[in-house]
Amino acid sequence: MLKYFAHMGAAHAAFYFEGSGEMNARCEALLRLLPDGAQAALISSAPNIRYLSGYTGEGIAVVAGGRAAIVTDFRYTEQAQRQAPSFEVYEIASGEAHETVAFRLLSEKAVRCLAVEEDVLTVEQYKKLQDVMPEMNLVSLAGTTQRLRRIKDSGEIEALSRANKLTSDCFEHMCSFIREGMTEREIALEMDFWMLRNGSEGVSFDTIVASGPNGSLCHAIPSDRKVCRGDFITMDFGAVTGGYHADMTRTVAVGSVSPELRRMYDTVLRAQLASLEAIRPGVRCSDVDAVARAIIDEAGYAGRFGHGLGHSTGLEIHEEPRFSRLCGDIVEPGMVITVEPGIYVPGVGGVRIEDSVAVTESGVRILTPATKELVTL
């Protein structure tokens, strides 16, 4: 239903599209976790707005007791109505700021203390909020919505499972596609196009293809280097379904490889399999990281595994918690997290093997079924 929304004394009015008015469970959970004193939350992060409402366009969201609303502009009002039927939708008038409408909505609920996403807002945006809401006490939401997103529900895990299965299928295709003499760029383009042709909504991140000595670059950018016999090729990529991001890495050989490269591969695989065995509810993320790091260090590659063992995935490719030396968080059922040890030796090359896994009550379910045995092309 389309209505005018006018504030007493306002020179113009926003359009109001009536939602069901029912506060969904995610919004209710957010309100329960607001910092002390906060009566409502202003959500600016696009992934957090999507998580709370289903809406994928531009704008901001207001969540208060008895009110869940999206404030956007004409380009997105119909989309917001369709995607977030439980939310009220407010379309700003020409020249009107989103924050101005949000303030009117909060004032109707007598909100005086508002939690905002200080980790998302720019300094300019924060100052604008202060100008529009001069008497509002602004406090930090402190990543509360992101903490809710750590534990995936069954629908989220299903979306991640589909995305990772599509990613694994792409790897199977690439094993029959790659030929000696192809460039890294050609391989990366084929991977991206294959995923898009077969149902991916996009790519999770810029696809990584690193061959030969480029394999020592953890986040190598695909280049015009041609794949040669005796190379390893590391491919790190992911599909997206339902907004959820897959992540998988496999390293393959082009013809026979040197004993040193083979030793690197076998070490990384041992580290990866041991890490998977160590994951269960109740363990510390740092302890899982330590399992892989010890195997790699003891094999003579200390210092050549410089990144963390893994990161959570979801509506964003990098979420919390992480498997790293610095993360003391406890593993819980419902987390979806990557396990990706690697060895990187400048001038020689590199190996990384990565799965995305869902934590269960007793261990993990691997979402990336592609083989991890060394594939020789």
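Val-209 stands opposite Met-235 in β10. β9 and β10 (residues 232-237) pair in the antiparallel sense over four bridges; a pair needs at least two bridges found by DSSP. Strands (E, at least two residues) and helices (H or I, at least four) are DSSP runs, numbered from the N terminus.

This is a predicted model: local features need pLDDT of at least 70, side-chain atom pairs count only at pLDDT 80 or more, and totals for chains, interfaces and linings use all residues. Residues are numbered from 1 along each chain as its sequence is written, and side-chain values use heavy atoms, without hydrogens and water.

The open sheet has three strands in the order β9-β10-β13, with antiparallel pairing. Its edge strands, β9 (208-211) and β13 (248-253), each pair on one side only. Twist averages 10° from one strand to the next.

Helix α7 lies across β10 and β13. Angles run from 0 to 180 degrees between N-to-C directions, with axes fitted to C-alpha atoms, for helices over the stretch in contact (heavy atoms within 4.5 Å).

| Helix | Partner | Angle |
|---|---|---|
| α9 (residues 259-278) | α10 (residues 285-301) | roughly 155° |

The axes of α9 and α10 come within 8 Å. These two helices are therefore roughly antiparallel to each other, a label for angles over 145 degrees. Residues in the contact include Met-264 and Ala-271 of α9, and Val-291 and Ile-295 of α10. By class, this contact has eleven nonpolar, two polar and three charged residues. Ala, Val, Leu, Ile, Met, Phe, Trp, Tyr, Cys and Pro count as nonpolar, Asp, Glu, Lys and Arg as charged, and the others as polar.

Terms used. Parallel < 35°, antiparallel > 145°, perpendicular 65-115°, else oblique.
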